[in-house]
Amino acid sequence: QVQLVESGGGLVQAGGSLRLSCAASGRTFSSYYMGWFRQAPGKEREFVAGIGWSGGSKFYADSVQGRFTISRDNAKGSMSLQMDSLKPEDTAVYYCAASGDPRLRVGIGAQNAQNYPYWGQGTQVTVSS
């Protein structure tokens, strides 16, 4: 198992930036595909970005492509999400998630929250207009 803790959320004006971090403990971090999801009030949880085991494979939702950057540091057991050019519609609780599902290794199912058995508690991001 792996335990995940997010940090870095907060209140920012539209056009601003935030950097979220996810610290992992437990089983070897490098054995997990990692993802960021978000959930706004009254909406379903949605995929934001994912990153492969070595960090070389990255995948983004269309809504954040070009504005958000996902990265990981296996030596430190951490993952980050750099969020630039933030918009009010980015307001949500952001979650990091981990999966050992081998299908994600070949890009299958990375956007599906059900494929991630491990989740952090979430961190609130609020973007004001």
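Reader: What share of the contacts in the protein chain with a separation of 6 or more comes from residues 24 or more positions apart?

Author: Residues 24 or more positions apart account for 60% of those contacts in the protein chain, where contact means heavy atoms within 4.5 Å. Please keep in mind that this is a predicted model, in which local features need pLDDT of at least 70 and side-chain atom pairs count only at pLDDT 80 or more, while totals for chains, interfaces and linings use all residues. Residues are numbered from 1 along each chain as its sequence is written, and side-chain values use heavy atoms, with hydrogens and water left out.

Reader: OK, and how many helices and strands does the protein chain have?

Author: The protein chain has 0 helices and 11 strands, where helices (H or I, at least four residues) and strands (E, at least two) are DSSP runs numbered from the N terminus. Its radius of gyration, taken over C-alpha atoms, is 14 Å, close to the 14 Å that the globule rule (2.2 Å times the number of residues to the power 0.38) gives for 129 residues, so the chain is as compact as a globular protein of that length.

Reader: How much of the protein chain is buried?

Author: Buried residues make up 44% of the 129 residues, and buried means under 20% relative accessible area, exposed over 50% and partly exposed in between, with a 1.4 Å probe and protein chains only.

Reader: Which residues touch the most other members in the largest nonpolar core?

Author: That core has 37 residues, and M34, W36, M79, L81, M83 and Y94 touch the most other members; a nonpolar core is a set of buried Ala, Val, Leu, Ile, Met, Phe, Trp, Tyr and Cys residues joined through side-chain atoms within 4.5 Å. Among the elements that give two or more residues to this core are β3 (18-26), β7 (68-73) and β8 (78-83), and β9 gives the most, with 5 residues.

Reader: What does M83 touch, then?

Author: Leaving aside its neighbours within four places in sequence, M83 is in contact with G16, S17, L18, L20, R67, F68, Y94 and V125.

Reader: How do β7 and β8 pair?

Author: They pair in the antiparallel sense over 6 bridges, and two strands count as paired if DSSP finds at least two bridges between them. I70 stands opposite L81 in β8, and the two strands form a hairpin with 4 residues between them, where G77 in the turn has a positive phi of about 65°.

Reader: And which residues of β7 are on the covered face?

Author: The covered face of β7 holds F68, I70 and R72, whereas T69, S71 and D73 make up the uncovered one.

Reader: Why is the disulfide of C22 and C96 called right-handed?

Author: The torsion about the S-S bond of C22 and C96 is about 55°, so the disulfide is right-handed.

Reader: Last one: is D101 buried or exposed?

Author: D101 is buried, with a relative accessible area of 17%, and lies in the loop between β9 and β10 (118-119). Q114 is found in the loop between β9 and β10 too, but Q114 is exposed, with a relative accessible area of 73%.

Definitions and conventions: A disulfide is a pair of cysteine sulfur atoms within 2.5 Å.
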